[in-house]
Amino acid sequence: MKLTLSWLKDHLETSASLGEIVETLTRIGLEVEHVENPADKLKDFVVAYVVEAKQHPNADRLRVCMVDYGAGAPIQVVCGAPNARAGMKGVFSPVGAYIPSKKITLAQGIIRGVESNGMLCSAAELELSDDHDGVIELPDDAKVGQRYVDFAGLNEPVIDINLTPNRPDAAGIHGIARDLAAAGLGKLKEHSIKHIEGKFPCPVSVKLDFTHEDAHLAPAFALRLVRGVKNGPSPEWMRKRLKDIGLRPINALVDITNYLAFDRARPLHVFDAGKVAGNLVVRRARAGEEVLALDGKTYRLDTGNVVIADDRGVESIAGIMGGEHSGCDETTTDVLIESALWDAGNIARSGRALGIVTDARYRFERGVDPAFCVPGAELATHLVMQFCGGEPSQIVVAGAIPGTERAIEFPFSEVRRLTGLELETSEISGILEKLGFGLMAWATNSERVHVKIPSWRPDVEGKADLVEEIVRIAGINRVVSTPLPREEQAIAKPILTLLQKRTRQARRALASRGLVEAVTWSFISKERATLFDGGAPALSLANPIAADLSDMRPSLLPGLVAAAQRNADRGLGDVALFEVGQIFKGDGEKDQRVNAAGVRRCGARPSGGGRHWSGVAGNADVFDAKADAMALLASLGVATGGLQLNSGAPAWFHPGRSGTLRFGPKNIVGWFGELHPRALAALDASGPVAAFEIVLDELPAPKARPTKVKGRLELSEFMPLERDFAFVVDRGVNAADILRAAQGAERTLIADASVFDVYEGVGIPDGKKSVAIAVTLQPREKTMTDVDIEAVAARIVAEVGRKTGATLRG
Amino acid sequence: MAKAGHPINGAPNMSDLQTLESQTLAAVAAAADEATLENVRLGALGKKGSISALLSTLGKMSPDERKTAGAAINILKDKVGEALRARRALLKDAALDARLATETVDVTLPVRAAAVETGRIHPISQVMDELTAIFADLGFSIAEGPDVESDDYNFTKLNFPEGHPAREMHDTFFFNPAADGTRKLLRTHTSPVQVRTMLNVKPPIRVICPGRTYRCDSDQTHTPMFHQVEGLVVDKKAHLGHLKWILEESCKAFFEVSNVKMRFRPSFFPFTEPSMEVDIQCSRKGGEIRFGEGEDWLEILGCGMVHPNVLRNCGIDPDEYQGFAWGMGIDRIAMLKYGMPDLRPFFEADVRWLSHYGFRPLDFPTLAGGLSS
């Protein structure tokens with residue numbers, strides 16, 4: 001919403017400065033986005049007189065002029081405009097002036113061998129219009145040397161308000177003036193709008209053709225004919241005001257409608273009655289109906305749009321834009337003035353669907369003042385007759401102006417309850433009355449009043465809205481900051497849920513392993529989502545911002561791999577990234593999970609990678625990914641006693657170099673491994689890449705315990721001892737099974753078992769491998785004798801043999 | 001070794017003993033390594049050593065002689081023994097030093113970077129942890145909800161009328177409609193979490209709701225995905241004055257300044273009434289934003305008293321309970337506090353950016369330790 005100071009002063013009697021007005025507007029909720037003064041960019045241009053104009057010696061189309069611009073003797077200027085001649089007055093830019101259209105600072109020049117000390121300007125050069133056919137010609141009474149902006153009255157700051165959608169009244173300058181008056185910046189000028197007596201019945205009738213359910217789409221439609229008008233340019237003052245706020249003056253009849261939209265927040269439409277065939281009917285558009293609108297574009301309508309039609313067809317899209325066919329131009333002699341009410345929601349949806357943004361739509365979708373429907377038509381008639389003459393008909397109103405009588409029962413204490421601010425009732429009443437609210441005292445109770453809502457404030461519905469009106473005018477700065485300590489005056493209690501805690505710990509744990517946290521888009525391409533078992537229709541966006549951001553991610557890995565590749569493309573190939581964030585298994589609220597995933601590309605190993613004087617580390621592999629996953633579980637305090645590990649993982653992993661982690665047949669908690677070369681190729685990425693992904697929601701919670709006491713620590717006084725065993729087993733036997741079997745041989749004695757060598761090759765039969773393990777025995781009650789130790793060793797060999805088919809290596 | 005002259009029979013004279021002593025001690029001192037020293041020891045104290053030989057003569061002496069000579073010889077033996085021990089220790093030390101002297105390395109050779117040096121926490125996570133520390137201390141808990149939301153929770157319950165321009169301002173991402181005609185959307189703010197909280201928790205309520213939010217908008221300062229944190233307080237007395245205090249205190253704590261001026265401007269949000277936008281005081285000297293000083297204002301958040309319709313829609317009686325809410329961009333306040341000039345790199349995962357603007361793994365923000373130091 002734009003306005004100028006002089007226009008504002010039509011409605012507000014004030015001596016406040018521009019600065020005070022701007023500051024107050026923002027303070028009361030009409031936020032000033034910026035103030036622009038066109039004079040700022042045109043300040044260097046002055047009125048000049050062309051003393052002499054001679055043919056340029058070297059160019060047929062150029063003239064050499066002597067120009068007096070009030071700064072000493074006339075100076076020489078070369079000019080190419082056909083209308084530059086001696087004795088004219090024009091707009092001159094001296095050397096050093098900034099030319100906005102060309103974005104240059106003018107310098108002295110030599111044009112075809114003749115010195116030129118400035119420029120006579122066209123309207124286009126000053127960005128005043130598109131006219132660049134000749135230089136601007138000023139009337140003889142223009143004072144040489146005067147700033148052009150002062151001569152032309154361009155020194156008019158334009159205030160641009162970022163209007164919130166709840167304030168339809170402030171979409172008109174009158175409404176803004178009312179707010180400023182209430183805030184103490186002057187007095188609102190109430191212009192009485194005279195009823196203009198119709199001289200004859202309106203020859204065109206209007207029918208609101210709606211079903212009962214649709215009646216709200218067009219509650220009322222006022223129409224009047226003014227015949228015998230002479231249309232032409234509107235008066236200069238109106239043209240200037242429209243230009244000031246960035247509108248293009250067209251002709252008097254059209255300008256009046258645009259003017260009143262801004263002056264009174266009352267959009268109107270004018271039809272050339274001579275082009276209207278028969279009577280008007282207001283109805284839903286028919287599917288496929290077309291209209292050529294005033295913007296020169298043809299719109300295809302559907303039944304969601306409301307139109308004004310005549311016998312010929314659609315003449316106007318209700319509340320949004322008129323039709324080209326019955327628009328008013330210089331030939332118009334009979335004009336139909338429309339002032340109507342439309343349904344705000346329907347106008348918003350229609351406008352959005354058609355992609356039309358107009359000042360009318362802007363106002364109707366916020367809600368115009370129903371009570372001003374007929375006065376708006378009267379005011380327009382008044383201006384039409386003033387500018388164009390003519391004879392008005394009576395006004396016909398189809399439908400009925402809806403009643404706007406609403407009142408709220410308002411206890412004054414509500415202000416204190418919601419804001420903590422103590423205000424005298426007289427101040428509260430004063431603010432409301434100045435904003436146009438009516439206060440009706442309560443006979444038996446001076447603590448509350450009935451507040452009558454003005455017709456132009458559809459946004460005010462209840463007590464809280466009144467409190468906002470009062471506090472914004474009184475000043476929010478008067479609300480006193482009041483401590484709100486914790487309810488319980490004690491040491492702060494823990495507030496994080498287990499998952500919230502684990503989410504936070506997971507990030508620190510993974511960062512501690514050298515991974516860098518990335519935050520990647522929650523949406524990826526359908527192709528990539530599908531590759532990772534996602535891409536369900538329920539998780540596809542109807543209006544993605546880009547084709548490759550169309551589907552909610554089923555995994556963090558596609559985003560991380562793409563991110564790693566982007567780094568590789570910048571020359572940083574050894575990257576280790578992780579993300580802890582949401583993934584989507586469906587569109588239900590339980591289908592969103594928190595995952596933690598990481599990727600290690602090429603040499604980005606936990607202990608550093610690549611070439612190094614201490615040795616080459618090689619690429620990150622399945623065991624780095626496994627170590628990340630296991631370290632994560634350990635950091636989160638997940639009891640891994642029940643954890644099962646199987647080889648193999650989903651299709652995007654290498655089939656032989658990956659594993660699945662689970663706490664039961666169905667409770668899969670994650671995967672790790674090297675990514676499948678085909679998956680990398682599908683992600684347009686190169687590798688190798690080792691990766692893991694853990695579903696944090698699926699991890700078992702720690703067992704609830706009644707106290708914080710840790711389990712008893714039992715320390716043996718006997719030395720532990722270690723025995724090594726080298727087994728030969730089939731190649732497919734898992735090391736974990738050998739270890740589990742060894743540990744199961746004597747549970748009380750065996751404290752630990754680990755693999756210290758794996759070997760295949762010379763000395764080992766084909767299809768077999770040697771796995772060497774170290775078993776730690778911890779005597780509990782007495783030192784073990786050689787006989788004891790031999791007995792345990794025999795049990796270990798037997799148990800491992802029984803479970804895995806292993807034999808001792810000879 | 002030269003044999004000191006002594007009588008075949010009878011006691012050695014004192015001058016012979018002195019000569020033996022000085023010769024033996026000189027040999028000890030002259031031994032350059034442990035092997036030589038061992039030879040000296042054998043020459044003096046070995047079975048056939050010079051001092052051992054003297055001791056063997058004691059048996060042939062008269063008791064008087066034996067008494068005098070015995071004492072003198074034993075003193076000599078002790079002296080030599082002590083000298084041998086001292087020399088041996090010295091030679092051992094020297095040998096160790098000599099060995100160590102050959103074992104030098106170039107300690108300026110670089111080591112591999114430790115994992116904890118290279119790992120980083122994203123600024124968004126860090127700021128969320130900072131906010132958690134602040135609001136946990138004020139008695140708030142953390143409420144979360146799904147990104148995929150219903151129109152009802154994202155708009156209708158929050159008092160956005162159907163077709164209202166305020167809905168259009170949200171640039172919503174929609175999913176394809178389900179068979180029953182309803183369609184889910186990506187939440188445009190974290191306010192639906194407030195709705196979920198009010199529907200499920202009886203007041204008093206104090207929560208903050210951090211999370212990912214989405215709008216189909218993308219330019220220099222907007223990304224289609226961003227992060228918000230909202231706060232909600234509902235009880236029987238919470239008013240605008242309390243809101244001001246919470247915002248002032250939390251902003252001071254977050255920006256780690258002792259004072260911060262705030263400017264409250266009336267504004268409009270469908271879900272609050274009265275509604276306000278808040279600017280904070282700052283200075284922008286040399287392109288660096290500083291808070292708690294200066295003449296400039298910077299818009300930082302929106303807030304207000306929870307709209308009675310919203311309370312009602314969530315089953316809370318607006319005449320019995322009241323409350324306030326606020327919301328701000330996590331990415332935005334991270335940029336303001338830590339000086340990232342652009343938003344877009346937050347989501348580009350450029351390790352150069354992450355290493356520079358990210359945080360070390362063990363810099364867990366606490367109030368006791370200072371949020372960022």
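These legends walk through several close-up views of a predicted model.

**View 1. Strand S24 of chain A, a buried strand.**
Here we look at S24(A), which covers residues 334-341. Eight of its eight residues are buried, so the strand is largely enclosed by the rest of the structure. In a regular strand, side chains alternate between the two faces of the sheet. You can follow this along S24(A): A:Asp334, A:Leu336, A:Glu338 and A:Ala340 point one way, while A:Val335, A:Ile337, A:Ser339 and A:Leu341 point the other way. Both sets are buried.

**View 2. The strands that pair with S24 of chain A.**
Strand S16 of chain A, residues 220-227, runs antiparallel to S24(A) and is joined to it by eight bridges. To find your place in this pairing, look for A:Ala222, which stands opposite A:Ser339 of S24(A). Strand S17 of chain A, residues 269-272, also pairs with S24(A) in the antiparallel sense, over four bridges. In that pairing, A:Asp272 stands opposite A:Val335.

**View 3. Helix H8 of chain A and the glycine just after it.**
Helix H8 of chain A spans residues 344-354 and is one of the elements that give two or more residues to the side of chain A that touches chain B. Its buried residues are A:Ala344, A:Asn346, A:Ile347, A:Ala348, A:Ser350, A:Gly351 and A:Leu354. Just past the end of the helix comes A:Gly355, with a positive phi of about 70°.

**View 4. An open three-stranded sheet in chain A.**
The strand order in this open sheet is S27-S29-S28, and the pairing is antiparallel. S27 (407-411) and S28 (438-442) stand at the edges with a single partner strand each, so one side of each has no neighbour in the sheet. From one strand to the next, the twist averages 30°. S29(A), residues 445-452, pairs with S27(A) over five bridges. A handy landmark is A:Pro411, whose bridge partner in S29(A) is A:Arg448.

**View 5. Helices H12 and H13 of chain A, packed together.**
Two packed helices are described by the angle between their axes and the distance between the axes. For H12(A), residues 425-434, and H13(A), the angle is about 100° and the axes are 10 Å apart. Angles of 65 to 115 degrees count as roughly perpendicular, so that is how these two helices are described. From H12(A), A:Glu427, A:Ile428, A:Ile431 and A:Leu432 meet A:Leu466, A:Glu469, A:Ile470, A:Ile473 and A:Ala474 of H13(A). The residues of this contact divide into seven nonpolar, no polar and two charged.

**View 6. Where chain A meets chain B.**
In this view, 80 residues of chain A are in contact with 71 residues of chain B. Elements on the chain A side that give two or more residues include helices H2 (18-27), H14 (498-512) and H16 (557-569), along with strand S33 (576-584). On this side of chain A there are 36 nonpolar, 24 polar and 20 charged residues. The model scores ipTM 0.87 and pTM 0.85.

Chain B averages a pLDDT of 89, and 95% of its residues score at least 70. Over residues 1-8 of chain B, however, pLDDT stays under 50. Where pLDDT is low, the predicted coordinates should not be read in detail.

**View 7. A:Asp133 in its loop.**
A:Asp133 lies between strand S12 (118-120) and helix H4 (148-151) of chain A. It counts as exposed because it has 11 C-beta neighbours inside 10 Å.

Methods:
Residues numbered from 1 in each chain as written. Chains lettered and ligands numbered in written order. Buried ≥ 20, exposed ≤ 12 C-beta atoms within 10 Å, placed from the backbone. Pairing = 2+ DSSP bridges. pLDDT = per-residue confidence, 0-100. Contact = placed C-beta atoms within 7 Å. Axes fitted to C-alpha atoms, helices over the stretch in contact; angles between N-to-C directions. Nonpolar A, V, L, I, M, F, W, Y, C, P; charged D, E, K, R; others polar. Parallel < 35°, antiparallel > 145°, perpendicular 65-115°, else oblique.
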